[in-house]
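Visitor: Please pick one interface and take a close look at it with me. I would like to follow it step by step.

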Number of protein chains: 10
Amino acid sequence: MNKREAARLALRAKLERGLTWEAIAGAVGRTPVGAALLVYGYAAATREEADALVRLLGLPEEAAAAFRRVPFRVPRQPWPPTDPFVARMYEIVLLYAPAIKDVAHEWFGDGIISAVDMTLELQKERQDGADWASLTWRGKWLPFRRF
Amino acid sequence: MNKREAARLALRAKLERGLTWEAIAGAVGRTPVGAALLVYGYAAATREEADALVRLLGLPEEAAAAFRRVPFRVPRQPWPPTDPFVARMYEIVLLYAPAIKDVAHEWFGDGIISAVDMTLELQKERQDGADWASLTWRGKWLPFRRF
Amino acid sequence: MNKREAARLALRAKLERGLTWEAIAGAVGRTPVGAALLVYGYAAATREEADALVRLLGLPEEAAAAFRRVPFRVPRQPWPPTDPFVARMYEIVLLYAPAIKDVAHEWFGDGIISAVDMTLELQKERQDGADWASLTWRGKWLPFRRF
Amino acid sequence: MNKREAARLALRAKLERGLTWEAIAGAVGRTPVGAALLVYGYAAATREEADALVRLLGLPEEAAAAFRRVPFRVPRQPWPPTDPFVARMYEIVLLYAPAIKDVAHEWFGDGIISAVDMTLELQKERQDGADWASLTWRGKWLPFRRF
Amino acid sequence: MNKREAARLALRAKLERGLTWEAIAGAVGRTPVGAALLVYGYAAATREEADALVRLLGLPEEAAAAFRRVPFRVPRQPWPPTDPFVARMYEIVLLYAPAIKDVAHEWFGDGIISAVDMTLELQKERQDGADWASLTWRGKWLPFRRF
Amino acid sequence: MNKREAARLALRAKLERGLTWEAIAGAVGRTPVGAALLVYGYAAATREEADALVRLLGLPEEAAAAFRRVPFRVPRQPWPPTDPFVARMYEIVLLYAPAIKDVAHEWFGDGIISAVDMTLELQKERQDGADWASLTWRGKWLPFRRF
Amino acid sequence: MNKREAARLALRAKLERGLTWEAIAGAVGRTPVGAALLVYGYAAATREEADALVRLLGLPEEAAAAFRRVPFRVPRQPWPPTDPFVARMYEIVLLYAPAIKDVAHEWFGDGIISAVDMTLELQKERQDGADWASLTWRGKWLPFRRF
Amino acid sequence: MNKREAARLALRAKLERGLTWEAIAGAVGRTPVGAALLVYGYAAATREEADALVRLLGLPEEAAAAFRRVPFRVPRQPWPPTDPFVARMYEIVLLYAPAIKDVAHEWFGDGIISAVDMTLELQKERQDGADWASLTWRGKWLPFRRF
Amino acid sequence: MNKREAARLALRAKLERGLTWEAIAGAVGRTPVGAALLVYGYAAATREEADALVRLLGLPEEAAAAFRRVPFRVPRQPWPPTDPFVARMYEIVLLYAPAIKDVAHEWFGDGIISAVDMTLELQKERQDGADWASLTWRGKWLPFRRF
Amino acid sequence: MNKREAARLALRAKLERGLTWEAIAGAVGRTPVGAALLVYGYAAATREEADALVRLLGLPEEAAAAFRRVPFRVPRQPWPPTDPFVARMYEIVLLYAPAIKDVAHEWFGDGIISAVDMTLELQKERQDGADWASLTWRGKWLPFRRF
């Protein structure tokens, strides 16, 4: 069983058992987004995480091995993105990244925000009668090495 | 004077006068990232903002008109992005957006996080002897209209 | 059953039962274009809409769940579009959007016409012995937030 | 003088003289969007239109010849579009055109809505304390010829 | 049965029955190219045409419905074209279209040759001991509407 | 002087002297489309043609050398084409070429219609109160050599 | 049976029977490269060639019809090419073609080397203790027709 | 002076002095194609070659340094190629390379024909009253190293 | 059995038998990376290597023939690469290759580092409490041949 | 003065003064490749490095500021790469990265080799009468953070 098939089984089981991402997050000791990435196959689970997933979702044993395998990360979508939710994220990077980069270099010097040693967090807020979502990428600053 | 030239003049003046993004942000009443977007030409300034920019940076009067004009937003970079700072942001959208979308729909229903009615915020933190950066996109949730 | 398969079944049933888009629109309380988007899988149905579709088209029960699910929106066509009907819509955006944008900004300031909080309407008219079609996109104006 | 340069001069003059698209539309006997297309160089002006434009905007005589020339139509933007205003129009064609096509064929048979024998109209409305924009494309229906 | 499958069956039957395009053209009352477009699925047949095709080729009844359906036109080839026959047609449009356009505008004003209200005709000629082919596109001239 | 600059000068002179493509065609002994291809730089002129062009259009002597040079043929347009006139030609090749190819192979065997040993002809006709244009590509049939 | 499947069967039979390209070439009266193109489906076989192939390789009768059919030529590889053997051929065209074109025009005037009325020949040589390969494309020179 | 400018000067001087590629080839001790590659900037000249070029063409001294520099090889053309001469070379690689590769591997084992340790030769022949061109790529066979 | 299927079987067997790349490398007498390339299908095995692989992994006999066949090398990933591990390698080539090329030409003259007559080696090191990886490409220098 | 112009000046001065990359490396305390990256504008120099560069190469004072600025990294070449030196590096990543990734994950777990916290080293060796080049990328291993 590969990671894609494990994801398919897990997503179906989540639907049938009426489980939320928060429930799955609780079971594996991750955040909801982190748990979703695990299920979708974008992370390698520890043995404990894999077992917890399989137990919670009632999956076959081989799914655990699939969840633990290191992924070959490929997008689940056409690119440039066509789904409006994803397209809005894309638009922000496309247009505003260079200005953000300029501010970051003023504060940190030359380097990058790690996309590996990082966390992603989604939050829901209520303000003035409307829903607001906030998505935070928090990564270690990696300075370019001199050589 | 178009917005691109106003940006060029403003960035040079910022360098020569040794101004920080925070100083510019203070002068126009925006956040550092918001001020950078204004200077780079990705926003339309109010009359007050435009005048404050021109004053602080010692720019010619026509620059104010350029800052106030509504921009035609085009990226300042090849695409897919080649700069490692931007490439890391791109990687996160490319790979992780669909899983984030799934969590968001569970919490909000069908819709998007607005890329127009939104704010972007960069922060610097110190943890365990290393620098960390966090970038937060906070946007109004827009549900799809039924018709 | 995923949304694509539900669409396939529904389109076949529509053909076999000789139903028009107006009949489907009447059953779900939407416009003909809105009903077509629902059937093609570009919208999330309410419980009532999903049940009405299933009843009218004689679909299996699982189709209702598929119709209610939030879609991952991807195009049903190669891109740039090759079908002459779609190619004409594409040509209009490709060539005339910047001039329309200019007029819109003069009237509304900086912002966009929402592609989420919006309606689409198709109409057929007769004039001087020929058929005319009109397609109207009506969307909420969203001004860029200052930050 | 080519059409692009005539457009540049005309847009600058419009700004300096504080003219609106409606004023220009009135002078040439077109709608605001039609007038903008003429100024941006996406249409061939009649002699009367060209003269009226030159008079109203105080342009050199050669500009009239440029406005009258048949254009080679190329987009004024990178593609796929990066400006959020244009990107929303693009998203609608990209995602929803096939469903609209289906409805249109049910009403009209096989054919297309003309992108040549057509009009485009933008309108501004006020509803429930918010601004709404509507954009209407009205084109002659052209059936495929049998041969 | 969709149009693609109907095409596949029809092309196989044409081969097995040893029918020429001219024979098919005669049966449906079209030209050979027009008949080929119908069989390949690039046109919507009338009831009479569909019945004639089914009869001549000995196809199942559902094929008639497929032939009558309005097509979603997509190319049957990679693009840019790799087959030398198609590549030569492509080369002519790629290189020579702008000069042809210039001549056409001098004769017709601003507008296009319709690709919908048109015919295509292929002919074979013998000259000086060699074969020559001529392909003629004859279309209605559509002037741009003034608005 | 390169071919592009010679074309620019020639097109300006054609406009100023009020010459038609037919007049130019007559002077060089080509068809109107052939003459336009020569002026636009898509053919190598004979000495007589080059001299006739320079005389008729009042161009500097070096233009004759430019017209005689063998061209490096590159398109004068973005690709896929954005101008509606060119886009209609492109659509025909994109969609209908494989069916035309099939008919051609039935009549000629395996081979191509030459895009080098060929002529292109545009004609204007009047029918039922409307203008019609016909464009004919006539090329030598080249069979694939056996080896 | 289509040409692709015929190729698959023929290549497997070639392997199992331990046949060389030279043996196949001998059987059909072509060169080794010409025989390979026939087997891979890039040429239309004569009746004699098709029968010889079927006999030599022990293929089913329908394979002969497939070999005789006129091919729709599409590449058997991603593009730009990723296989190092093909990539080296591609590099030569990509970089050196314009200089070769210049020499050819000096010798032949305006025209092309035919890619249809041509032969391709591969040869193996031994020189100074190393293997050398030479690939020759020999084609009829086709001058552009004047019109 | 960079290699591109040296090429421009050299090509102009070649034209003005009426020199052939063979004359240049003779002066530098290369073949005509080899000489053309040197002039176009696709090779690094030896001191003797550079001096000979400068002398023969009457170029400024700095041109010699430019000819001797190692090139950064980029194509002189859009890609995929649009010029018919280059397009025919491209078509051959695109379509026939995999079959040629198969024959080559049967004769040489796994490896490539070098595109670096190689020669290119163009020849003109007369046969049956027509011109024929042959282009030969002769390269060292490089087997993949085992590791 | 083709090389892709042989790879799939081999990778599964490697997992089930708990074999490391070093064990496989030992069995075939290659380095770990070399062994991985063999298994993944990017090299042609000798008879001894193929037999050793089949024995060690318990594969069917036909797998040996597949391992020995010369590969048609195509990437196992979308391109540009989306997996972060591969993307980092890509970034280095994309950005830093021209500067490396300049240093190499100063040391070696005009030529290339062979990607065929070469080895690749991965190593793991420990330094200051962190893991470091080093990847070395060592290739024969191939000077451009003069012709 | 931007980094691109500083690079241009520095490369010219390097040529005129006959300096090697090793000499520049010695002056700034970097490796030859590291020094080349600095000069080409792919790194931010320290004050000492910038001053040393300006002194050694005799550049104007502003060049120092340019060398110290954080770069916006964009490639200096078309992409996919056309220069054979770069194309060989590209080929290795394109084809062999996934197998290397597999070995790396077996040794290190899930993560990446840093392209920021890394060094690049080029070496020249002599073996069996031929030159060999080795390029080593040595980077810190970054494991994916769990969240």
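Guide: Start with one pair of side chains. F:Lys14 forms a salt bridge with E:Glu106. Their closest N and O atoms are 2.6 Å apart. A salt bridge here is a side-chain nitrogen of Lys or Arg within 4 Å of a carboxyl oxygen of Asp or Glu. By that rule, 6 salt bridges cross the interface of chain F and chain E.

A word on the model and its labels. It is predicted: local features need pLDDT of at least 70, side-chain atom pairs count only at pLDDT 80 or more, totals for chains, interfaces and linings use all residues, and side-chain values use heavy atoms, with hydrogens and water left out. Residues are numbered from 1 along each chain as its sequence is written, while chains are lettered from A and ligands numbered from 1 in the order in which they are written.

Now the polar contacts. Each is a pair of N or O atoms within 3.5 Å. Within protein, one atom must be able to donate a hydrogen and the other to accept it, and residues adjacent in sequence count only if both atoms are side-chain atoms. Between chain F and chain E, 27 residue pairs are in polar contact, both residues at pLDDT 80 or more.

Which elements of chain F give two or more residues to the side that touches chain E? They are α1 (3-16), α2 (21-28), α3 (32-40), α6 (84-108), β1 (111-127) and β2 (130-143). Helices (H or I, at least four residues) and strands (E, at least two) are DSSP runs, numbered from the N terminus. The largest share, 24 residues, comes from α6(F). By residue class, this side of chain F has 43 nonpolar, 9 polar and 16 charged residues. Nonpolar covers Ala, Val, Leu, Ile, Met, Phe, Trp, Tyr, Cys and Pro; charged covers Asp, Glu, Lys and Arg; the others, Gly among them, are polar.

Step back to the whole interface. On chain F, 68 residues are in contact with 68 residues of chain E. Contact means heavy atoms within 4.5 Å. The buried area is about 7,100 Å², and carbon and sulfur atoms give 73% of it. F:Phe85, F:Trp107 and F:Arg138 supply 11% of the area that chain F buries against chain E, more than any other three residues. Buried area is the accessible area (1.4 Å probe) that two parts lose on being put together, summed over both.

Next, the strands. β2 (residues 130-143) of chain E and β2(F) pair in the antiparallel sense over 9 bridges. Two strands pair if DSSP finds at least two bridges between them. E:Thr136 stands opposite F:Thr136. E:Leu135 has F:Trp137 as its bridge partner in β2(F).

Those strands belong to an open, antiparallel sheet of 4 strands, in the order β1(E)-β2(E)-β2(F)-β1(F). β1 of chain E and β1 of chain F stand at the edges, each with a single partner strand, so one side of each is left without a neighbour in the sheet. Neighbouring strands are turned by 20 degrees against each other on average, direction ignored. Axes are lines fitted to C-alpha atoms, for helices over the stretch in contact, and angles run from 0 to 180 degrees between N-to-C directions.

A helix lies over this sheet. Helix α6 (residues 84-108) of chain E lies across β1 and β2 of chain E together with β1 and β2 of chain F. The helix runs at about 30 degrees to β1(F).

For comparison, turn to chains I and J. Here too is an open sheet of 4 strands with antiparallel pairing, ordered β1(I)-β2(I)-β2(J)-β1(J). 9 bridges join β2 of chain I to β2 of chain J. I:Trp132 has J:Lys140 as its bridge partner.

Last, look at chains A and I. The contact takes 10 residues from chain A and 11 residues from chain I. The area buried there is about 690 Å², with 64% from carbon and sulfur atoms. A:Phe72, A:Arg73 and A:Arg145 supply 54% of the area that chain A buries against chain I, more than any other three residues. The count of salt bridges between chain A and chain I is 0, and 2 residue pairs are in polar contact.
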